[in-house]
Amino acid sequence: MRWEELFGDLEAQLVEADRQEREAEAAELTRHERAQVGWLDRVAGSMGESISCMTSAGAVDGRLVDLGRDWLVVDEFGRGSAIVPVHSVVSVGGLSRRSDQSPTHAREFGLGVALRAISRDRSPVGVYDSGGGVWVGTIDFVGHDHLEVALHPGDAVRRASAVTGRRVIPWSSIAVIRRIS
């Protein structure tokens, strides 16, 4: 064997070993970057797209239109808007492969602020709890870790004469809040 062939073979082996090392490093870097992505980052990457969100109270299917640090809003197909607290999400389908780790779409405020805005708006809602209950009425009060719903028919204006009762629901039990149109 000539020395040129020997050195050529050695150089080819070194080039191949270097290529394999770069591929392994790239794969490890990709795994590390993916390990830093949270599921809510994946949701933020799907803003404006259709998603299917399974909650403890059933499916919420529609277009993702808003997002906070612990809640999301889905415009349900043929139903209106639904607020889904992130603690009630069991799984999400239809997410894009991209993520948004610094979600410019996400609002900084939490679920409590969103619920207080709904309470001020006096919109009738259906509050679906994780135990299978549905409480229709108006959110009268939002506390530190719970809300109170004045129960009345969804098509009635909240008046003392229409209120049939009250229900206090801890936030941890809220699965979905749907706007009654």
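Biologist: In which helix do Arg 19 and Glu 16 both lie, and how many residues apart are they?

Modeller: Please keep in mind throughout that this is a predicted model. Arg 19 and Glu 16 belong to helix H1 (residues 3-35), where they are three residues apart, about one turn of the helix. As a general idea, side chains of opposite charge can pair when their charged atoms come close. Here the side chains of Arg 19 and Glu 16 form a salt bridge, with N to O at 2.5 Å.

Biologist: Are Arg 19 and Glu 16 buried, partly exposed or exposed?

Modeller: Arg 19 has a relative accessible area of 32% and is partly exposed. Glu 16, at 31% relative accessibility, is likewise counted as partly exposed.

Biologist: How many salt bridges does a search of the whole structure find?

Modeller: The search finds ten salt bridges. One of them joins Arg 158 to Asp 140, whose closest N and O atoms are 2.8 Å apart. This pair links distant parts of the chain, since Arg 158 sits in the loop between strand E8 (146-151) and strand E9 (165-170), while Asp 140 is in strand E7 (residues 134-142), 18 residues apart. Arg 158 is partly exposed, with a relative accessible area of 23%, and Asp 140 is partly exposed at 23% too.

Biologist: What does Glu 148 form with Arg 166?

Modeller: Glu 148 forms a salt bridge with Arg 166, and their closest N and O atoms are 3.2 Å apart. Because Glu 148 lies in strand E8 and Arg 166 in strand E9, the pair ties together parts that are 18 residues apart in sequence. Arg 166 is partly exposed, at 45% relative accessibility. Through shared partners, salt bridges join Arg 122, Asp 140, Glu 148, Arg 158 and Arg 166 into one network.

Biologist: In what order do the strands form the sheet, and which strands stand at the edges?

Modeller: To read a sheet, follow its strands from neighbour to neighbour. Ten strands make an open sheet here, in the order E5-E1-E2-E3-E4-E10-E6-E7-E8-E9, with antiparallel pairing. Strand E5 (89-93) and E9 are at the edges; each has a single partner strand, so one side of each is left without a neighbour in the sheet. On average, neighbouring strands of this sheet are turned by 40° against each other, direction ignored.

Biologist: What joins strand E4 to strand E10, and which helix packs on the sheet?

Modeller: Two bridges join strand E4 (residues 80-85) to strand E10 (residues 174-179), and these strands run antiparallel. Ala 82 stands opposite Arg 178 in E10. Helix H3 (residues 111-121) packs on the sheet and touches strand E3 (71-76), E4, strand E6 (124-129), E7, E8 and E10. The direction of H3 makes about 100° with that of E7.

Biologist: Is Ser 88 buried or exposed?

Modeller: Ser 88 has 5% relative accessibility; it counts as buried because the limit is under 20%. Ser 88 lies in the loop between E4 and E5. Leaving aside residues up to four places away in sequence, Ser 88 touches Met 54, Thr 55, Ser 56, Ile 174 and Ala 175.

Biologist: What volume does the largest pocket have, and which residues are closest to its centre?

Modeller: The largest pocket has a volume of about 290 Å³. Of its 17 lining residues, Val 73, Ile 83, Ala 114, Ile 118 and Arg 179 are the closest to the centre. E3, E4, H3 and E10 are the elements that give two or more residues to this lining, and H3 supplies the largest share, four residues.

Notes. Residues numbered from 1 in each chain as written. Predicted model: local features only at pLDDT ≥ 70, side-chain atom pairs only at ≥ 80, totals over all residues. Heavy atoms only, no water. Salt bridge = Lys/Arg side-chain N within 4 Å of Asp/Glu carboxyl O. Buried < 20%, exposed > 50% of the residue type's maximum accessible area, 1.4 Å probe, protein only. Pairing = 2+ DSSP bridges. Axes fitted to C-alpha atoms, helices over the stretch in contact; angles between N-to-C directions. Contact = heavy atoms within 4.5 Å. 1 Å grid on protein atoms, 1.4 Å probe; cavity = no way out; pocket = protein on both sides within 12 Å on 5 of 7 lines; lining within 4 Å. Points joined across faces, edges and corners; volume = space filled by probe spheres on them.
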